[in-house]
Amino acid sequence: MRLPQDLVVVLQALRNPGRPRLVGGSVRDWLLGLEAKDFDVEVAGLTFEELHERLAPFGSTDVVGRSFGVIKLRLGGVEYDFSLPRRESKIGAGHRGFAVAPEPNLSDAEALARRDFTINSIAWDPFEDKLIDPYGGEADLRARILRHTSRAFAEDPLRVLRGFQLAARFDFKLADETIPICRAIQPTYPELALERVWGEWVKWAEKAEKPSAGLALLQQTRWLSHFPEIAALQGTHQDPHWHPEGDVFAHTLHCCDALARLTRWRTATPATRRVLMFAVLCHDLGKVTTTAKTERHGTSRWTSHGHEQASGPLCERFLTRIGAPLELAERVKPLVLNHHAHFSGQGSFTLPAVRRLARRLAPSSIEELCVVMRADHDGRPPLYSEEAITRIALLLKQAESMELQDRAPKPILQGRDLISLGFEPGPRFKWVLDAAFEAQLDGAFDDHDTALAWLKNQTFPIP
């Protein structure tokens, strides 16, 4: 494993009698062929005071707590965690209900036993270049298996959600013997603080290589029931002519995987990846309440008219349930409500229609909507619709020609313009400005001079 040189110098200073080991995600990622980062170091053979004394000369330290035996050290703008081996035992509910006892002289196997999955229970000795793998984690990595390290797994329900996001990030499956443990602790979900739940969903939404693997894990362990808006998609019918892939849950899984394959998603910022993934996850929630069997052209078919609008409130409810910040819902909901906009109306996309769509989507954008639409299209294997792909491209092209692909139009006329023409400030201002903005969206004017000319020619009735 390649380590930053300044970290190597610190590790050297911890030796004799200290035994520093790299542990956790950096070792796992290195073995998977990924860039190792977020280096965590566990140091046996030193007391807490000795560890702090040896780290202090290298930079700013933050003692998380003697009870946890963790010290954060900042080196060149990067923060590293140094900890002592410790034992943990469950004494109460929630993530604070653990008795933590640092024990500097624990063996490697004893120290690693407290970790969640075998793939995270591997340590690396940087001086002997040796893996320490008492629980077969490397073999499970090769087999892409998530297996609990010990029976202590059941003490923290968050570990199931960790499995959810790890399965999605690396396309892993649960070991057969781990499934019943996850099911047995399913009722302890309410012990989890909302911010911890959100922390795992964020990793799923931002880092997933195969999002469906995580959702399938929740279904397999019966933890999907804690997210009823998503769970209700199971068994919700779709017309097989348009959706040969199965029910709405199956479609949603395909769509999320399709999104994760798109270059536009993979190259986006983490914040944008999060918005797009949750929009795709939630885009068909409304089908649960709108799906019905109807007669069309003499044939009985499943339809879900109005599911876009019905999906909006369910999307908000789900995001609140998992602890998402309000600003995320403000970006996700417009994408959900408008994910069929490429099929609204006939013919080409008119300038007023594109302006109004861009306004409805704010603070999200038409470009982002087109990514959601493409994922929705690709989530119906093996169907491919040339018409849908063409219309998505036409919408984006029209928006780009208007420079509205990544922003909403802004009102040209402001209150100061009304004052300059003799309008008296008051409640009527908003009504006039709203009417002016509607006219702007319709194309009545496109710059400040023509806007003033338009305004001078209007006769506004008192509302």
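Trainee: A salt bridge is a side-chain nitrogen of Lys or Arg within 4 Å of a carboxyl oxygen of Asp or Glu. How many salt bridges does the structure hold?

Mentor: It holds 26 salt bridges. Before we go on, this is a predicted model, where local features need pLDDT of at least 70, side-chain atom pairs count only at pLDDT 80 or more, and totals for chains, interfaces and linings use all residues. Residues are numbered from 1 along each chain as its sequence is written, and side-chain values use heavy atoms, with hydrogens and water left out.

Trainee: Okay. What helices and strands does the protein have, and how many?

Mentor: There are 22 helices and 13 strands. Helices (H or I, at least four residues) and strands (E, at least two) are DSSP runs, numbered from the N terminus.

Trainee: What does the C-alpha trace span?

Mentor: Along its principal axes, about 85 × 60 × 40 Å.

Trainee: And what share of the residues is buried?

Mentor: Of the 463 residues in the protein, 49% are buried. Buried means under 20% relative accessible area, exposed over 50%, and partly exposed in between (1.4 Å probe, protein chains only).

Trainee: Back to salt bridges. What does arginine 274 pair with?

Mentor: Glutamate 206. Their closest N and O atoms are 2.6 Å apart. The pair links distant parts of the chain, 68 residues apart. Arginine 274 is in helix α13 (residues 270–282), and glutamate 206 is in helix α8 (residues 194–207).

Trainee: Is glutamate 206 buried or exposed?

Mentor: Glutamate 206 counts as buried because its relative accessibility is 11%. Arginine 274 is at 22%, so arginine 274 is partly exposed.

Trainee: What about arginine 264? Which side chain does it meet?

Mentor: The side chain of glutamate 367, at 3.4 Å from N to O.

Trainee: Where do aspartate 434 and lysine 430 sit?

Mentor: Both are in helix α21 (residues 428–442). They are four residues apart, so about one helical turn separates them.

Trainee: Why is lysine 430 given the label it has?

Mentor: Lysine 430 is exposed because its relative accessible area is 57%. Aspartate 434 has 37%, so aspartate 434 is partly exposed.

Trainee: Which residues are linked in a network of salt bridges?

Mentor: Arg356, Arg359, Glu438 and Asp442.

Trainee: New topic. Where is tryptophan 223?

Mentor: In the loop between α9 (211–220) and α10 (228–231).

Trainee: Which residues is it in contact with?

Mentor: Contact means heavy atoms within 4.5 Å. Leave aside the neighbours within four places in sequence. Then tryptophan 223 is in contact with Pro157, Val160, Leu161, Cys182, Ile185, Gln186, Tyr189, Leu192 and Leu218.

Trainee: Take tyrosine 189. What separates its C-alpha atom from that of tryptophan 223?

Mentor: A distance of 8.5 Å. Along the chain, tyrosine 189 and tryptophan 223 are 34 residues apart.

Trainee: What about contacts across the protein? What share join residues at least 24 apart?

Mentor: Take contacts between residues at least 6 apart in sequence. Of those, 68% join residues at least 24 apart.

Trainee: Now strands. How many bridges join β12 to β13?

Mentor: Five. Strand β12 covers residues 292–296, strand β13 covers residues 299–303, and they run antiparallel. Two strands pair if DSSP finds at least two bridges between them.

Trainee: Which residue in β13 is the bridge partner of threonine 294?

Mentor: Arginine 301.

Trainee: What do β12 and β13 form?

Mentor: A hairpin, with two residues between the strands. Look at histidine 297 in the turn. Its phi is positive, about 55°.
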